[in-house]
Amino acid sequence: MQELLAVAAITVLAVISPGGDFAMVSRNSYLYGRRAGLLTAAGIACGVWIHVAYTLLGVGLLLQRWPAAFFAAKILGALYLIYMGIQTFRHRPVTAQADGTATTLGAAAAFRTGLATNALNPKTTLFVLSTFSQIVSPHTPLWQQIGYGAWMSAAHGIWFAFVAVALSAPHLRQALLARQVTVNRVIGCLLAGLGVLLACSD
């Protein structure tokens, strides 16, 4: 029970802490509407399973014991955040239609954005690796470890779905769209800045 509570609590704290996932959901929700934001959240939730899968398969031990592999993964994730930051900073203004939607981001693209952002997120890598190596006992049954992974994925999905719904609310979204050049530049700088910090971190 103590292990379960520890995993649950750490997951919640990790999920709500600001990062690249939050910035990407915010960007897609206010620019393209609720559907795009929710699909981005779904992509993030699925991305968590990538980290859980390689950790349970033992690849996580390779990342922990071979610093060069983790460094390469970290740099790749950092470059992706920097790239998305630049793209967001330079993003052309979009115009919401009468129903509050925008058609410039397809469903598959929104999902892929969320999936890639989380899959390449070193923050999630460290979170999953540290949770399974420091908190979860090696004697914990596999089915229970998979359950922990399901909880991590669900927590990400629920939180970022909430963010998507909040930021795509009509009045808030219209206010953000009216200032979207400034908002895009702020989010773009945050994404690129996170990428630079990740690349420079030990």
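**View 1. Y148 in helix α8.** Y148 is part of helix α8, which covers residues 142–167. Helices here are DSSP runs of H or I with at least four residues, strands are runs of E with at least two, and both are numbered from the N terminus. At 3% relative accessibility, Y148 counts as buried, because buried means under 20% relative accessible area, with exposed set at over 50% and partly exposed in between (1.4 Å probe, protein chains only). Y148 and V52 are 96 residues apart along the chain, and their C-alpha atoms are separated by 8.9 Å. This is a predicted model, in which local features need pLDDT of at least 70, side-chain atom pairs count only at pLDDT 80 or more, and totals for chains, interfaces and linings use all residues. Residues are numbered from 1 along each chain as its sequence is written, and side-chain values use heavy atoms, with hydrogens and water left out.

**View 2. The whole protein chain.** The protein chain has ten helices and zero strands. Read from the N terminus, the order of elements is α-α-α-α-α-α-α-α-α-α. Of the 202 residues in the protein chain, 44% are buried.

**View 3. The span 148–169 from the UniProt record.** An unreviewed UniProt entry gives the feature "transmembrane region" at residues 39–63, 68–86, 148–169 and 181–199. UniProt positions are given in the numbering used here, feature names are shortened, and annotations may be inferred rather than shown by experiment. In the model, residues 148–169 are 91% helix and 0% strand, and the end C-alpha atoms of this span lie 32 Å apart.

**View 4. A nonpolar patch on the surface.** The patch is formed by V12, L13, I16 and W151, which together have about 360 Å² of accessible area. Patches are made of residues with over 30% relative accessible area and no salt bridge; nonpolar side chains (Val, Leu, Ile, Met, Phe, Trp, Tyr) are joined within 5 Å and like charges within 9 Å. A salt bridge is a side-chain nitrogen of Lys or Arg within 4 Å of a carboxyl oxygen of Asp or Glu. Accessible areas come from the Shrake-Rupley method with a 1.4 Å probe, and for residues only the protein chains shown count as cover. Helix α1 (residues 2–16) supplies the largest share of the patch, three residues. W151 lies in helix α8 and is partly exposed, with a relative accessible area of 33%.

**View 5. The largest cavity.** The count is one cavity of 30 Å³ or more, and the largest cavity holds about 80 Å³ of space. Its lining has 13 residues, of which A14, D21, K123, T124 and H156 lie nearest the centre. Two or more lining residues come from each of α1, α2 (20–32), α7 (122–135) and α8. A cavity is a set of points, on a 1 Å grid over the protein atoms alone, where a 1.4 Å probe fits but cannot get out; lining residues have an atom within 4 Å of a point. Grid points are joined across faces, edges and corners, and a volume is the space filled by probe spheres set on the points.

**View 6. P122 and A78.** P122 is in helix α7 and is buried, with a relative accessible area of 3%. P122 and A78 are 44 residues apart in sequence, with 8.0 Å from C-alpha to C-alpha.

View 7. I50 belongs to helix α3 (residues 34–56) and is partly exposed at 38% relative accessibility. Between I50 and N118 there are 9.0 Å, C-alpha to C-alpha, at 68 residues apart in sequence. N184, in helix α10 (residues 180–200), is buried at 1% relative accessibility. N184 and H91 are 93 residues apart in sequence and 7.0 Å apart in space, C-alpha to C-alpha.

Note on methods. 1 Å grid on protein atoms, 1.4 Å probe; cavity = no way out; pocket = protein on both sides within 12 Å on 5 of 7 lines; lining within 4 Å.
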